[in-house]
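Subject: Structure handover

Hello,

Here is the structure you asked for, with notes on what turned up in it. Please keep the model open while you read.

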Amino acid sequence: MQTVLFHSTIFGPIHSRRLGTSLGINLMPNDGKICSFDCLYCEAGYNAQGPGKSGLPARASVSAALEEKLRGMKEGGENLDVITFSGNGEPTLHPDFNDIIDDTIALRDKYFPTVKISVLTNATRILDKDVDAALRKVDNNILKLDSAIPSTVQLLDRPTPGYDLEKIIGHLASFGRQGIIQTMITRGSHNGANIDNSTDIEIDALIEAYKRIGPGEIMIYTVDRPTPEKSLCRVSREELEGIAGKIRRETGITVQVSV
């Protein structure tokens with residue numbers, strides 16, 4: 001079974017297809033995965049691998065490790081474009097997420113004041129007022145929406161019980177241009193069910209959702225590394241560019257394509 005990608009709280013810098021030179025912050029365990037989605041394409045593997053034994057990193061430990069890394073990079077004259085919350089699961093599940101964002105902003109301002117702060121979130125926690133407040137503070141509030149059709153979300157993203165797509169889209173709209181919507185485009189099958197969110201029906205539904213949300217930008221991308229569900233296919237740049245062109249024409253929103 002595919003397992004966690006990150007074995008420390010601070011990792012990188014790495015080159016991100018979408019963000020540039022990125023220093024990562026993993027707020028989940030370094031030996032397990034905790035997430036409110038269980039996506040078929042997740043590079044960190046399925047949730048079934050368990051949460052591990054290390055637990056969530058304490059707020060003070062995150063701050064200390066980040067300061068040590070940023071200080072060293074500053075003294076070494078290293079380049080940095082962005083600090084990104086990602087890792088082995090959903091970062092907004094950390095109970096001190098809001099406070100950790102405040103700590104990170106303060107350290108960014110101290111060492112690399114021009115660097116952006118990004119959060120990659122599946123958006124399942126945006127109805128929580130503290131998570132909402134935290135996301136409004138960052139430079140790149142990158143929110144997941146892989147489909148606007150509930151059955152596809154259930155097949156591809158496999159959210160925890162109680163996920164309400166209509167409520168999530170409604171709250172995504174509250175961020176407006178403060179939000180960046182990120183959509184994975186792929187196709188394949190799982191347990192005998194076909195999955196394809198590149199069809200005209202899927203893209204048309206997404207376009208209506210994008211119009212309703214009105215984000216500052218849309219990011220569409222495809223699988224780039226091995227996925228837990230082996231049947232998932234990488235969509236070609238040509239096809240992604242065609243989808244992006246349709247979205248741009250019908251919404252007027254900037255669309256970034258990553259392959």
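By class, the residues that line the largest cavity are five nonpolar, two polar and three charged. Here Ala, Val, Leu, Ile, Met, Phe, Trp, Tyr, Cys and Pro count as nonpolar, Asp, Glu, Lys and Arg as charged, and the others, Gly among them, as polar. The lining consists of Phe 37, Asn 122, Lys 144, Leu 145, Asp 146, Ser 147, Val 153, Asp 157, Tyr 163 and Leu 165. The space inside the largest cavity is about 30 Å³, and the whole structure has one cavity of 30 Å³ or more. A cavity is a set of points, on a 1 Å grid over the protein atoms alone, where a 1.4 Å probe fits but cannot get out; lining residues have an atom within 4 Å of a point. Grid points are joined across faces, edges and corners, and the volume is the space filled by probe spheres set on the points.

Before the rest, two notes on the source. This is a predicted model, in which local features need pLDDT of at least 70 and side-chain atom pairs count only at pLDDT 80 or more, while totals for chains, interfaces and linings use all residues. Residues are numbered from 1 along each chain as its sequence is written, and side-chain values use heavy atoms, with hydrogens and water left out.

Aromatic rings

A search of the whole structure gives three aromatic pairs. Rings of Phe, Tyr and Trp (its six-membered ring) pair if their centres lie within 6.5 Å; planes under 30 degrees apart count as stacked, over 60 as edge-to-face and the rest as tilted. One of the pairs is Phe 6 with Phe 11, which is stacked, at 3.8 Å centre to centre and 20 degrees between the planes. Phe 6 and Phe 11 are both buried (under 20% relative accessible area; exposed is over 50% and partly exposed in between, with a 1.4 Å probe and protein chains only).

Another pair involves two residues of the cavity lining, Phe 37 and Tyr 163. Their ring centres are 5.6 Å apart and their planes are at 65 degrees, so this pair is edge-to-face. Phe 37 lies in the loop between strand 2 (20-26) and helix 1 (59-75), and Tyr 163 in the loop between helix 4 (150-156) and helix 5 (165-175), so the pair ties together parts that are 126 residues apart in sequence. Helices (H or I, at least four residues) and strands (E, at least two) are DSSP runs, numbered from the N terminus. Both Phe 37 and Tyr 163 are buried.

The charged end of Lys 74 sits over the ring of Phe 112, 5.5 Å from its centre, and that of Arg 158 sits over the ring of Tyr 46, 4.7 Å from its centre. The criterion is NZ of Lys or CZ of Arg within 6 Å of the ring centre and within 35 degrees of the ring normal.

Cysteines

There are zero disulfides in the whole structure, a disulfide being a pair of cysteine sulfur atoms within 2.5 Å. For Cys 42, the closest cysteine sulfur is that of Cys 39, at 6.3 Å, too far for a bond. Cys 42 is buried, at 19% relative accessible area. Cys 233 is in no disulfide either, and its nearest cysteine sulfur, in Cys 39, is 17 Å away. Cys 233 is partly exposed, at 36%.

Backbone

Most residues other than glycine have a negative phi, and most peptide bonds are trans. Gly 12 and Pro 13 are joined by a cis peptide bond, with omega about 10 degrees; Pro 13 is in strand 1 (residues 10-16).

Ala 123 has a positive phi, near 70 degrees. It lies in the loop between strand 4 (116-121) and helix 3 (129-135) and is buried, at 0% relative accessibility. Asn 191 also has a positive phi, of about 50 degrees. The place of Asn 191 is the loop between strand 7 (187-190) and strand 8 (193-196), and at 73% relative accessibility Asn 191 is exposed.

Helix residues

Leu 155 is in helix 4 and is partly exposed, at 32% relative accessible area. In helix 5, Ile 168 is buried at 3%, and Phe 175 is buried at 2%.

Regards

Technical notes:
On a 1 Å grid over the protein atoms alone, a cavity is a set of points where a 1.4 Å probe fits but cannot get out, and a pocket is an open set with protein on both sides within 12 Å along at least five of seven lines; lining residues have an atom within 4 Å of a point.
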